[in-house]
Amino acid sequence: MKLKPVKGTHSIRLGDSHASVSSPFKSKDALAAAIAHQTSRIATLQRVLYADARFALLIVLQGRDASGKDGTIRRVFAAVNPQGCSVTSFGEPTGLELGHDYLWRVHQQVPARRMIGIFNRSHYEDVLVPQVHRTITRDVCMSRYDEINDFERMLSSNSVVILKFMLHVSRAEQKHRLEERLSDRDKNWKFRAGDLEDRARWTAFTRAYRGMLKHTSTKSAPWYVVPADDHAVRDWLIARQIADTLKSLRLRYPPADPSVVGLKVV
Ligand code: ADP
């Protein structure tokens, strides 16, 4: 079982039944061990990513409310060195941000070489939300897809490796998680009234996500749809994809500076 990049419309499956896959592991402990293995691979590769200094890694996380973006960040990156990692959460644009083009706030947060940058929501909100709320026309939306593809292509050719994960949760699981946020005092703070309005627009969001996946999954910045009803399986799939991608970069520790070769510490 492996995540596959979105290619063409046939691979975009956003039905409720596609939000879960059964774990290929015999027990919960075995799955937990597999997650630990992948997060430790990420930690090891992160050290080389930093030393190697040729690439940045940008992870984009999108998904409906309560699809597990926060939990993914907490668990998949549990072992990384915080010094080499940044997380940016994109909420509703501020007045200052609205005074600029929609990629302005995003570009500033793109990780530098050596770094892992995680986007909790992203520039994709600027095609999803306005489509659902009908505040942009179809033409503007199509132009934004092109602009985003150009932007990501530019980043990619400037050493930013991009992986985009859409956390796909079913309607029933989202209901369960939102109810938990309402009933559990420790989770109340996470609940926004707007979450219910967005839930009521389930079909419109599904349509918007489908368009986003169809138009912006590219070779240099692929989308992966992650079945996200089971958070352990979700974490394992994402962590493995990230570790495999870092591995494919053939990162290496740079050789010692010739001027220090042979020196002795006395
Ligand atoms: P989260 O739901 O990710 O935990 P918040 O509760 O702060 O975080 O919600 C962020 C909200 O901001 C979401 O409803 C999201 O759709 C909205 N948002 C983010 N970026 C934009 C944008 N560019 N335009 C409109 N809404 C946005």
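Predicted model: local features only at pLDDT ≥ 70, side-chain atom pairs only at ≥ 80, totals over all residues.
Val-260 has a relative accessible area of 42%, so it counts as partly exposed.

I turn next to the cysteines. How many disulfides does a search of the whole structure find? The search finds zero. Cys-85 counts as buried because its relative accessibility is 17%, and the cut-off for buried is under 20%. Cys-141 is buried as well, with a relative accessible area of 1%.

Now consider Asp-52, which is found in helix 1, residues 28-52. Is Asp-52 buried or exposed? Its relative accessibility is 11%, so Asp-52 counts as buried. Its side chain makes a polar contact with the side chain of Arg-54, at 2.8 Å. Leaving aside residues up to four places away in sequence, Asp-52 touches Leu-251, Arg-252 and Pro-254.

This brings me to charged pairs. Side chains of opposite charge can pair when their charged atoms come close. In this model the count comes to 17 salt bridges, and I shall describe three of them.

In one, the side chains of Asp-65 and Arg-192 meet, with N to O at 3.7 Å. These two residues are 127 apart and link distant parts of the chain: Asp-65 sits in the loop between strand 1 and helix 2, while Arg-192 sits in the loop between helix 7 and helix 8. Asp-65 is buried, at 9% relative accessible area, whereas Arg-192 is partly exposed, at 40%.

In another, the side chains of Asp-235 and Arg-75 meet, with N to O at 2.8 Å. This pair also links distant parts of the chain, with Asp-235 in helix 10 and Arg-75 in helix 2, 160 residues apart. Here, too, the aspartate is buried, since Asp-235 has a relative accessible area of 2%. Arg-75, at 31% relative accessibility, counts as partly exposed.

The remaining pair of my selection is Arg-121 with Glu-125, whose closest N and O atoms are 3.0 Å apart. Glu-125 is buried, with a relative accessible area of 14%. Which residues do salt bridges that share partners join into one network? They are Asp-65, Arg-121, Glu-125, Arg-192, Asp-195 and Asp-198.

Key: Residues numbered from 1 in each chain as written. Heavy atoms only, no water. Buried < 20%, exposed > 50% of the residue type's maximum accessible area, 1.4 Å probe, protein only. Disulfide = S-S within 2.5 Å. Helix = DSSP H or I, 4+ residues; strand = E, 2+ residues; numbered from the N terminus. Polar contact = N/O pair within 3.5 Å; in protein donor to acceptor, adjacent residues only side chain to side chain. Contact = heavy atoms within 4.5 Å. Salt bridge = Lys/Arg side-chain N within 4 Å of Asp/Glu carboxyl O.
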